[in-house]
Amino acid sequence: MSRDLGIEFISVFGLPPADFVHLAADLGCRYISTALVGRPLKSLGYPAFSLKDDRALRRELLAAMDERGVGISLGEGMVITADTDVAGLAADLDVMAELGAAQINTLSFDRDRNRTFDQLATLAEMAAARGIRTTVELAPGATIGDPATLLAAIEHVGSPGLRLTLDTMHWVRSGLGAAELRELGPENIGYVQLSDTTLQPRRESYLQEAMYERMAPGDGELPLTEILAAVPVDVVVGLEIPMRSLAEAGVGPMDRLRPCVAAARQLGCR
């Protein structure tokens, strides 16, 4: 059984939403992820957009998804910080529900662990009330940066539940591998963001590397075969492979991502 494959929104640098859907479908992918606000690279000439504010754009996106058989596997942008309250995300969650997002992803930069856990519980409850599941990303420098903290957060949230968004770059650069995933338990893995990279940093800024320059599966040094073997086959795999240098050199999203899709299929995705 193969894992369903999608394209993550940072891989296309603000490509208009309906165009993104057609791209994914043309690549044979069944899913996309999206944020509600697009912040395109100026060099690519894409217009900025807001799915939250533009009802016509939402209708266009829904029509494209219906036409091409593509769904939203993950809604992004639900970040927890020390000076925000997730209760203010109710309208964003309403839009994600309107668009049919299966789940939302969150990440916390609030250093107060107890407040982070409480915010996660509130966000998961709000999402569940709209029929949306919640995942949280483990990343270097984030408040949830190791499996023990992740499991404590999952236990704190309880019902309606919280699971891991497994970003392969973040996971391995955090010193983790397939063994730690197996210890975490398959029931706690909700989503995969697949990319490859080197074991050692390629940029001075980790954030810049993660946001703009990742590698296709097989082009780097991550143990992707072993990692995916620890992930349940019904978990969607989204290709999170931004390649800004290629984009700014004039390589379009189809030509950038086609080899990535082919490489993911070699790893058992469809």
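**Entry 1: the pocket**

I began with the lining of the largest pocket and sorted it by class: 27 nonpolar, eight polar and eight charged residues. For the classes I counted Ala, Val, Leu, Ile, Met, Phe, Trp, Tyr, Cys and Pro as nonpolar, Asp, Glu, Lys and Arg as charged, and the others, Gly among them, as polar. The model is predicted: local features need pLDDT of at least 70, side-chain atom pairs count only at pLDDT 80 or more, and totals for chains, interfaces and linings use all residues. I number residues from 1 along each chain as its sequence is written, and side-chain values use heavy atoms, with hydrogens and water left out.

Rolling a probe the size of a water molecule over the atoms shows where empty space is left. Here a pocket is an open set of points on a 1 Å grid over the protein atoms alone, where a 1.4 Å probe fits, with protein on both sides within 12 Å along at least five of seven lines. Lining residues have an atom within 4 Å of a point.

How much space lies in the largest pocket? I noted about 1,200 Å³. That volume is the space filled by probe spheres set on the points, which are joined across faces, edges and corners. The lining has 43 residues, and Phe9, Ile10, Glu76, Gly77 and Met211 lie nearest the centre of the pocket. Elements that give two or more residues to this lining include helix 1 (17–26), strand 5 (71–80) and helix 8 (206–212). Helix 8 gives the largest share, five residues.

**Entry 2: the whole chain**

I counted 11 helices and 10 strands in the protein chain. These are DSSP runs numbered from the N terminus: helices are H or I with at least four residues, strands are E with at least two. The C-alpha atoms fill a box of roughly 45 × 40 × 40 Å along the principal axes.

Of the 270 residues, 54% count as buried. Buried means under 20% relative accessible area, exposed over 50%, and partly exposed in between (1.4 Å probe, protein chains only).

I then looked at contacts, meaning heavy atoms within 4.5 Å. Among those with a separation of 6 or more, 79% join residues 24 or more positions apart.

**Entry 3: helix 1**

Is helix 1 mostly covered or mostly open? It is mostly covered, with seven of its 10 residues buried. I listed them: Pro17, Ala18, Phe20, Val21, Leu23, Ala24 and Ala25. They pack against strand 1, strand 2, strand 4 (49–50), helix 2 (55–68) and helix 11 (253–266). Gly28 follows helix 1 and has a positive phi, near 80°.

Phe13 sits in the loop between strand 1 (5–7) and helix 1. Its phi is also positive, about 55°, although Phe13 is not a glycine. Phe13 is buried, at 7% relative accessible area.

**Entry 4: other spots**

Which peptide bond did I find to be cis? The bond from Ser159 to Pro160 is cis, with omega near 15°. Pro160 is in the loop between helix 5 (147–157) and strand 8 (163–167).

Ala128 belongs to helix 4 (residues 113–128). Ala128 is partly exposed, at 33% relative accessibility. Its C-alpha atom is 8.6 Å from that of Gly161, 33 residues apart along the chain.

Last, I checked Thr168 in helix 6 (residues 168–173). Thr168 is buried, with a relative accessible area of 0%. Leaving out residues up to four places away in sequence, Thr168 touches Val192, Gln193, Leu194, Ser195, Leu222, Leu224 and Ile227.
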